[in-house]
There are 2 protein chains.
Amino acid sequence: MGTVGIVGLGLIGGSIGLALKRSKLAGTQIVGYDRDLDVALRAQRFGAVDGVGRTLAGLADTAGLIVIATPIVAMRGVFAEIGPRLQQGAVVTDVASTKGEVLRWASELLPAYVHFVGGHPMAGKEQTGPQAAEAGLFDGRPYCIVPSLDAHPGSVNAVMGLAEAVGGVPFFLDADEHDAYAAAISHVPLVASVALFSLARNSNAWPELASMAGTGFKDLTRLASGSPEMSHDIFLTNKKNLGHWIDRYIGELLKIRDLIESDDPEAIFRAVAEVQIEREEYLANPPRREVPGDTLPDMPSPQQAFLNLLAGSMWMDRAREMTQSLEERARQRDRDDRLRRRE
Amino acid sequence: MGTVGIVGLGLIGGSIGLALKRSKLAGTQIVGYDRDLDVALRAQRFGAVDGVGRTLAGLADTAGLIVIATPIVAMRGVFAEIGPRLQQGAVVTDVASTKGEVLRWASELLPAYVHFVGGHPMAGKEQTGPQAAEAGLFDGRPYCIVPSLDAHPGSVNAVMGLAEAVGGVPFFLDADEHDAYAAAISHVPLVASVALFSLARNSNAWPELASMAGTGFKDLTRLASGSPEMSHDIFLTNKKNLGHWIDRYIGELLKIRDLIESDDPEAIFRAVAEVQIEREEYLANPPRREVPGDTLPDMPSPQQAFLNLLAGSMWMDRAREMTQSLEERARQRDRDDRLRRRE
């Protein structure tokens, strides 16, 4: 029987567990671990995991696939602790919002016979903890897959299978690309949201501003309610990219400021109309980059790779039997149908 | 019979109509006008108005209360056109997102025997046109009321009654306050949203960024899909405040940039945790400024003032009759009950 270990059972770890259980992987056991035993037991009560491991080392002993869903900064310690205990050929992945540091820690602390493939599902919400977890959190959302340079293609495929099993859309990047793009599309929006809330909150007119605030202010400051631990970890592990993209964001703000200053009605209208059209176009036909993973030659499918990893041959045999029995039943139905039509 | 005229039957004008009809003001007729007759007829079909005026001047002739819900920049022309036709004592209000220019135009173009009281319901969405209108759009939302300096208290009360009739929460400000606060709480969020979308859209990595975008990016760039006409008008009529508050917003962004640059984990955590706590506190207990309108002495209630304005004595008599008949029926029920208890 294959075991998936989930380390960290908050919103994301809990949702991975629920989504995996929803996908009904026969013969797969999901074991969770959380530094806070109470959180782990709650996750089990919500059905996110089949069992709870008492120690991290114990989990590492048994799991063929480990998903690390702790805060980013804590991952280094997790690698150090599980490294010596992991099985030969085990696959380790994570869900961190930044990838450069995480891949460096993995290559430094995990043994060479273990495969690390970074992951980052682009989903979340403000609530935290396993009680906020949802089986559908990743449905249709991009799931970044960031292999280490020496990652074994089979393990990359297995993590791609995990991404699909939880409902995500795999999206391949290297760590540098990931962290630059995540800064632009995810971390600067977080900074923009925090700054917007602080702008109003730090003003002497805050009581008036708060009384007047409509849905726009609430929606745009939503990310300022996210987990402080996560923001803290993102700021610490994506410093250079954040600096670069905040500067570019300020550049965009100054362009709009100049435009307003210009008092040129036509230029103002053209600029805002262009942005509106482009955003509508983006919502209607979002550009999609090809998934290079699809082009890997002569590899088992991601689903197959994921199952191979989890299962071992016993489960594969059972799956084959199940498939045969399904095919047998289909053939039988077919025969019955034909007989009925003749009557 | 009192007539409310609504000029401009898009999202806001249409929603005012629907909300007024929902409030079932007996004996009140709602007549709409739109430069685009097709829009006006659509609004009528959706039930936002009882009738459609063919000319603006004709509407001005008959309405005791006129709500101007055109784009801001068009309001000047509307004032010029209706000014000479308005009835003595008519009340004119608007729904513009900025108030300084609008009040200047009103004082310049409306005759002295007409009362102008600015209004700004803090509600909206990206969709435009009467088909997007909703009776509940203003429910529980702040509704700014910005009287001109020489506004008659009775007409201020009438517009407060209108705000309440459509479900809003009246909130009093003067024009300068309004435009400064609206810049901070509503127009800078719009600019922040447009800049965030442009940042990603103008990048060479746009296809990758768009593929990777999660809900955060979508939510934070929502306002960039708003009506370009509205953004254009806001930028043109609130230039000075926008410049000031964009600079302060950039100041907040630079503070976060410096914080990230500092690499000081404790300071970073403290800062983001503080913002998170403050935003939760704001959501749980939003500060509310007192409504000075409540303290006007010896005035009819806003609802009464609104009805007085719309109604004229005939309707008031009918209302009194209805009240008497209700009281009569209540007394009758009371008698019946007592009789039954004796049996």
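## Confidence

In this predicted model, helix α14 (residues 313-342) of chain A has the lowest mean pLDDT among the elements of chain A, at 53. Helix α11 (residues 239-262) of chain A has the highest, at 98. Chain A as a whole has a mean pLDDT of 88. In that chain, 85% of residues reach 70 or more.

Two stretches of chain A call for care. Residues 293-297 of chain A have pLDDT below 50. Beyond near neighbours in sequence, that stretch has five contacts in the model. Over residues 312-323 of chain A, pLDDT also stays under 50. Here the model has seven contacts beyond four places in sequence. Where pLDDT is low, predicted coordinates should not be read in detail. For the complex, the predictor gives an ipTM of 0.83 and a pTM of 0.84.

## Domains of chain A

Chain A is divided into two parts: domain 1 (2-173 + 289-311) and domain 2 (179-262). Between domain 1 and domain 2 of chain A, the C-alpha centres are 30 Å apart.

The two domains do touch. Eleven residues of domain 1 of chain A are in contact with 15 residues of domain 2 of chain A. On the domain 1 side, the touching residues comprise four nonpolar, four polar and three charged.

## Interface between chains A and B

Contacts between the chains involve 78 residues of chain B and 78 residues of chain A. On the chain B side, seven elements each supply at least two residues: β7 (142-147), α7 (175-201), α8 (206-212), α9 (215-220), α10 (228-237), α11 (239-262) and α12 (265-284). α7(B) gives the most, with 18 residues.

What is the make-up of the side of chain B that touches chain A? Its residues divide into 49 nonpolar, 13 polar and 16 charged.

## The sheet of chain B

Chain B has an open sheet of eight strands with mixed pairing. The strand order is β3-β2-β1-β4-β5-β6-β7-β8. β3 (51-52) and β8 (169-172) of chain B stand at the edges. Each has a single partner strand, so one side of each is left without a neighbour in the sheet.

Within β3(B), B:G51 is the bridge partner of B:V31. Helix α5 (residues 100-109) of chain B packs on the sheet. The helix touches β5 (91-94), β6 (115-121) and β7 of chain B. The direction of α5(B) makes about 160° with that of β6(B).

How values were computed. Residues are numbered from 1 along each chain as its sequence is written. Chains are lettered from A and ligands numbered from 1 in the order in which they are written. This is a predicted model: local features need pLDDT of at least 70, side-chain atom pairs count only at pLDDT 80 or more; totals for chains, interfaces and linings use all residues. pLDDT is the predictor's confidence in each residue, from 0 to 100. Helices (H or I, at least four residues) and strands (E, at least two) are DSSP runs, numbered from the N terminus. Domain bounds come from an automatic or database domain assignment. Ala, Val, Leu, Ile, Met, Phe, Trp, Tyr, Cys and Pro count as nonpolar, Asp, Glu, Lys and Arg as charged, and the others, Gly among them, as polar. Two strands pair if DSSP finds at least two bridges between them. Axes are lines fitted to C-alpha atoms, for helices over the stretch in contact, and angles run from 0 to 180 degrees between N-to-C directions.
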